[in-house]
Amino acid sequence: MSKAESSTRAAGEESLIYVRRIHRRDLNRVWEFLKKVFRDVNRETVEYQRPRSKKRFLEVYEEEGVEQLLFEVREAHGQEIVGYAECAFEITGTDNWMNERYFTKHDMRPLFVEELAVHTDYQGRGVGAFMLEQLEHLARIHGCTHLVLEVAENNIGALKFYRKRSFYRLDAAIFMAKKVAVDAELLPPRALKKSRTPEALDTPAKPKRAPRRSLKARGGEKRSSAPPPASRPPDAATDGERDPLEEAGADEEDLP
């Protein structure tokens with residue numbers, strides 16, 4: 001820190017934001033910063049999570065044509081990251097959905113802003129505005145005509161921030177969903193049958209009814225006012241044919 005900077009701090013003036021290109025030694029610290037900044041946004045958005053993965057983040061550092069800028073506030077105890085910007089002069093990554101022919105058709109030479117993250121404790125203090133000013137400066141000196149970035153539609157704060165700075169929507173593509181009526185794989189709960197009471201379990205079984213004795217066993221015939229039944233024809237049972245009752249194993253003593 002120079003003497004001029006020390007005197008400025010002593011006078012109680014605002015801290016200064018410095019911008020520099022990222023270094024390999026910064027990678028782990030920046031990764032933790034990005035996870036903290038995008039934590040709440042990732043919980044509410046359906047798009048791919050940001051940052052996508054640490055593996056992809058480390059790969060970006062090795063790619064050509066990608067700028068990774070670090071914005072810091074330098075204090076007496078050290079440097080604190082307050083912002084990170086990542087931009088590219090052409091569409092990068094195999095998971096990118098942008099159509100390059102769209103920009104050619106509209107005579108646009110974009111600087112693609114891949115990431116723009118501001119420390120939550122420093123939002124509203126001019127960090128984001130300074131970062132966009134830096135990116136626009138890069139675009140001008142590299143012959144780009146537009147800054148192009150992606151923002152989640154439910155990120156209301158970010159949308160207001162960009163629209164206030166003359167950003168406009170390129171197309172009407174949004175994520176849509178429709179609920180599909182489906183049957184549950186598992187059956188709903190079912191009521192159990194009432195259990196038998198202990199009293200019911202202890203009730204003795206009813207005694208079996210004794211078989212009725214035949215008329216012969218009672219030693220007489222039942223008197224009846226009804227006319228006697230017709231006598232059985234002598235040819236009802238042919239030679240060699242058994243009576244159905246006998247065939248079924250019924251005994252005359254068991255008949256009523």
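Biologist: How do β3 and strand β4 pair, and over how many bridges?
Modeller: In this predicted model, β3 and strand β4, which covers residues 110-118, pair in the antiparallel sense over six bridges.

Biologist: Which residue in β4 stands opposite A88?
Modeller: A88 stands opposite F112 in β4, and elsewhere along this pairing the bridge partner of Y84 is A117, also a residue of β4.

Biologist: Why is β3 described as largely enclosed by the rest of the structure?
Modeller: Strand β3 spans residues 78-88, and eight of its eleven residues are buried, so the strand is largely enclosed by the rest of the structure. A residue is called buried here when its relative accessible area is under 20%.

Biologist: What order do the strands take in the whole sheet?
Modeller: Five strands form an open sheet in the order β1-β2-β3-β4-β5, and the pairing is mixed. The edge strands are β1, residues 17-21, and β5, residues 146-149, each of which pairs on one side only. From one strand to the next the twist averages 35°.

Biologist: Which strands does helix α6 lie across?
Modeller: Helix α6, residues 127-141, lies across β1, β2, β3, β4 and β5, and its direction is at about 160° to β4.

Biologist: Switching to the helices, at what angle do α2 and α4 pack?
Modeller: Helix α2 (residues 27-37) and helix α4 (residues 54-62) pack at an angle of about 130°, and their axes are 11 Å apart. That angle makes α2 oblique to α4, and the crossing of the two helices is right-handed.

Biologist: Which residues make that contact?
Modeller: On the α2 side the contact is made by L27, N28, V30, W31 and L34, while α4 contributes K54, F57, L58 and Y61. Sorted by class, the contact of α2 with α4 has seven nonpolar residues, one polar and one charged.

Biologist: I'm curious about Y61, is it buried, partly exposed or exposed?
Modeller: Y61, which lies in helix α4, has a relative accessible area of 22% and is partly exposed.

Biologist: What is Y61 in contact with, leaving aside its neighbours within four places in sequence?
Modeller: With those neighbours left aside, Y61 is in contact with I22, H23, R24, L27 and Q68. L27 lies 34 residues from Y61 along the chain, and the C-alpha atoms of the two are separated by 8.5 Å.

Conventions:
Residues numbered from 1 in each chain as written. Predicted model: local features only at pLDDT ≥ 70, side-chain atom pairs only at ≥ 80, totals over all residues. Heavy atoms only, no water. Buried < 20%, exposed > 50% of the residue type's maximum accessible area, 1.4 Å probe, protein only. Helix = DSSP H or I, 4+ residues; strand = E, 2+ residues; numbered from the N terminus. Pairing = 2+ DSSP bridges. Axes fitted to C-alpha atoms, helices over the stretch in contact; angles between N-to-C directions. Parallel < 35°, antiparallel > 145°, perpendicular 65-115°, else oblique. Left-handed = near helix turned anticlockwise from the far one by under 90°. Contact = heavy atoms within 4.5 Å. Nonpolar A, V, L, I, M, F, W, Y, C, P; charged D, E, K, R; others polar.
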